[in-house]
Amino acid sequence: MNRLSKEDLAQMNRDYFQSLDKQKLVEVAGNLHSLAVEQIEKLEQNSSNSSLPPSSDQFRSTSSSELEEKQETGSETSVSQSKQEKKEVSEESEKPKSKGFGKKLPGKQKGAKGIWRTTPLVASEIVAHHPETCASCNSLLEIDSDAKPHMGYYVLELEKLDSGIEVRCTLHHYYQATCSCGHHTKIKPQFGYVSVVEGRSRDLCLQEYGLVGPMLATFIASLAIRYRISRPKIRELLDDWVGVSLSVGTIDRCIREVGIACSPVVEELIEELQSAEIIHLDETPWYEKGKYRWLWVAITSTIAVFHIGSRRKEELLCLITSAFVGWLVTDGYGAYINYPKRQHCLAHLIRKAIALTEAVDREVADLGQWLLEELRELIHELATGDGDKDETDSNPARLYRVCRLATGVEHTKLKALAKEILADWDAVVACFYHPQLPPTNNEAERALRHAVIARRISYGTRTSEGSLAYCSVLSVIETCRLRKVDPWSYIAQVLTQARRGIKHPPIPVAS
Ligand SMILES: [Zn+2]
């Protein structure tokens, strides 16, 4: 059904209503009624009564009139579009200063010469958009072949061919049509999520109106996030190899758009995560605008979710809610200690024990060796399933004894390791009593490795929006990879729908 716009409403008045027959009048009343209902519900919506996911704190659904004004003021040629890009760059540079990055701000510097498109875009195809039904009375409309488009814009879109990739330029024309009832209906590009960041002069709005098509935007995001290429280098790559010139500001916008579009998908993944039987958890340092943060990962055999936040215990609630009743596999970090069903990663302990076997002190080295053997045997018995069933000389009982012995030795590291094992005893030997548990946290550590390399290259993210975008895309990519499905065509689909304000398609299941 059509959604009535400001322009549609402006055309309606008493004379128009009186001119309609009863059937059309009912249709018009129906449209006006649903608009009124929608607006009333929106007015009464707040965070406590809406079903929006928690991440929507950053996103609010668009007010249509606000957006239309934006679209109207945005003009229709490629030249002015690049002006818009230019503006974005200068806005970036007006962000508050950050410590640790020197005085120079990211993006275009104040007073620097602007860059704009020198040659106009040439479209290989024109796509016409005609209104199908009357916005007022819902009657079917006929295409007026003499009509002139009321707006248009260029779209660069990437296509995957058998022999490679190609970027095509299309011109989208939007038309108006007049109904037999006298109402003029204009079709316009649609719009979706808006991401609001406090202090930013313009909100980031996802909409169809824009130079970069969903697949090209996804390609750009893949270069940045998966292939870890910087924004200026992406600009260079696109210019040199694909013949597409985009500003760094536009490239950055694409990456954020993809992140914002993926964010509701991640909300769904987190929900799915709660019914998992076993979740691997780990965390690694991260920088957000030079601030010390932590990148968390929660991973199962089919879901991976990343999250950037503090290292506090409460941050875990963003990944594991009270609905989760399965097992956690973690390292010895304190935030996890209170969770009852848990496996302490044995690989961590083994690495520490190996270090002890090289100790100068003979007694310490021997005890370290004993500890190491007991830990290794614990894993070995799990793999072969032929552990000692004798209670007093079972593997855990021997491990317990050597730890008690080691606590009496004056060697800081040996003592610390023994205490770590004893303090978290149930979690260390959990896999012995529950053979379905993996004894190590390798999955989570492997999942973080990609991000650790990215952190070394890029020094992290710059804003909380950037962090959310980065984590969202990473989560969707990693989940698709675990399920052995192509992440990129799915993400392009998610972005296409997000720009129209439509809920994302279902996450592909493992093939
Ligand atoms: Zn009509």
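This is a predicted model: local features need pLDDT of at least 70, side-chain atom pairs count only at pLDDT 80 or more; totals for chains, interfaces and linings use all residues.
How many residues does helix α7 have, and how far does it reach from its first C-alpha to its last? I looked up α7 (residues 231-242): it has twelve residues and reaches 15 Å, close to the 16 Å expected at 1.5 Å a residue (1.5 Å times one less than the number of residues).

Residues are numbered from 1 along each chain as its sequence is written, and side-chain values use heavy atoms, with hydrogens and water left out.

Next I checked α6 (residues 214-226) against α8 (residues 248-273): their axes come within 8 Å and cross at roughly 90 degrees. They are therefore roughly perpendicular (65 to 115 degrees). In the contact (heavy atoms within 4.5 Å) I found A217 and I220 of α6, among others, and I251, C254, I255 and V258 of α8.

Then strand β9 (residues 278-288): eight of its eleven residues are buried, so it is largely enclosed by the rest of the structure. Buried means under 20% relative accessible area with a 1.4 Å probe, protein chains only.

I looked up its partners too (pairing needs at least two DSSP bridges). β9 pairs with β10 (residues 291-299) in the antiparallel sense over nine bridges, and E283 has W296 as bridge partner. In their hairpin, K289 takes a positive phi near 55 degrees. With β12 (residues 327-330), β9 pairs in the parallel sense over three bridges; there I279 is partnered by L328.

Notes:
Axes are lines fitted to C-alpha atoms, for helices over the stretch in contact, and angles run from 0 to 180 degrees between N-to-C directions. Helices (H or I, at least four residues) and strands (E, at least two) are DSSP runs, numbered from the N terminus. Angles under 35 degrees count as roughly parallel, over 145 as roughly antiparallel, 65 to 115 as roughly perpendicular and the rest as oblique. Buried means under 20% relative accessible area, exposed over 50%, partly exposed in between (1.4 Å probe, protein chains only).
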